[in-house]
Amino acid sequence: MGCKQTKTRSLNHTSATEALEGKINCPRELYFAKSQPTSRLSGEEILSQLREEGIVPDRHRSGGVAFTVAVDGSAGTRGKPPRRLERMPVKCLYTSEERQIIADVARFDRFVEQVQKRALDRDIKRKTVLLEKERQNLMKKMRARQKLCEREKRLKQFAEEKTSKEEEKAAKKKKGAARKNHKTEEMNSSLKK
């Protein structure tokens with residue numbers, strides 16, 4: 001019974017050499033064939049091959065291995081150092097005057113930075129004060145407009161109430177006058193009878 005997909009022989013009939021040579025097409029069979037143990041070279045065989053190639057020396061001597069390296073005499077003397085190393089100052093070579101100058105420059109730079117920072121802070125404070133004043137003025141204007149609008153609404157309401165009251169009074173007067181006229185007419189008609 002072999003692999004149904006590729007119709008190859010079963011695992012019992014395949015060998016590791018066939019798998020390594022690529023004669024098996026089924027991946028399952030190939031996996032099992034490669035996982036079988038193969039013959040490996042022993043340590044002595046590997047060492048003998050390395051000795052034959054000259055990588056490992058023979059074991060005839062029981063001491064260490066010495067190597068000889070030929071060195072030219074010109075390599076010991078160095079020429080002029082590179083230019084970038086010549087330009088680099090060494091800290092200990094500064095004189096006291098130079099150190100004082102460097103310290104003065106650093107102090108002056110710090111002073112300039114402090115002055116610039118103070119000026120920047122003053123500008124920021126001034127701008128924030130101006131913006132706050134503008135905002136307050138705008139708020140005052142908005143409040144004044146709102147109060148004016150409310151006053152106009154109240155005046156309109158008051159005028160409407162006043163006109164409605166006047167109309168009610170006029171209507172009452174007309175009703176009262178109409179009643180009086182009606183009463184006087186009734187009296188006149190009753191007197192005429």
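I started at E132, which counts as partly exposed because its relative accessibility is 33%. I kept in mind that this is a predicted model.

**Entry: E132 and its partner**

I looked for what E132 meets. Its side chain and that of R135 form a salt bridge, 2.6 Å from N to O. I then checked the spacing. R135 and E132 are three residues apart in helix α5, so about one helical turn separates them. R135 has 45% relative accessibility, so I noted R135 as partly exposed.

**Entry: salt bridges in the whole structure**

How many salt bridges does a search of the whole structure find? I got two. Side chains of opposite charge can pair when their charged atoms come close. R107 is partly exposed, as its relative accessible area is 43%. D104 is at 34% relative accessibility, so D104 counts as partly exposed too.

**Entry: nonpolar patch**

Which residues make the nonpolar surface patch? I found F108, F111 and V115, with a patch area of about 300 Å². F111 lies in helix α5. Its relative accessibility is 47%, so I put F111 down as partly exposed.

**Entry: positive patch**

Next I looked at surface charge. A patch of positive charge gathers K165, K169, K172, K173, K175, R179 and K183. I took K173 as one member to follow up. K173 belongs to helix α5, which covers residues 96–192. Is K173 buried or exposed? I noted K173 as exposed, because its relative accessibility is 64% and the cut-off for exposed is over 50%.

**Entry: the chain as a whole**

The protein chain has five helices and zero strands. Read from the N terminus, the order of elements is α-α-α-α-α. I checked burial next. Of the 193 residues in the protein chain, 5% are buried. I also looked up contacts between residues at least 6 apart in sequence; 4% of these join residues at least 24 apart. Last came the surface. The accessible surface of the protein chain is about 19200 Å². Carbon and sulfur atoms account for 55% of that surface.

Note on methods. Residues numbered from 1 in each chain as written. Predicted model: local features only at pLDDT ≥ 70, side-chain atom pairs only at ≥ 80, totals over all residues. Heavy atoms only, no water. Patch = residues over 30% accessible without salt bridge, like charges linked within 9 Å, V, L, I, M, F, W, Y side chains within 5 Å. Areas by Shrake-Rupley, 256 points an atom, 1.4 Å probe, with all protein chains shown as cover. Salt bridge = Lys/Arg side-chain N within 4 Å of Asp/Glu carboxyl O. Lys, Arg positive; Asp, Glu negative; His and termini not counted. Charge placed at Lys NZ, Arg CZ, Asp CG, Glu CD. Helix = DSSP H or I, 4+ residues; strand = E, 2+ residues; numbered from the N terminus. Buried < 20%, exposed > 50% of the residue type's maximum accessible area, 1.4 Å probe, protein only. Contact = heavy atoms within 4.5 Å.
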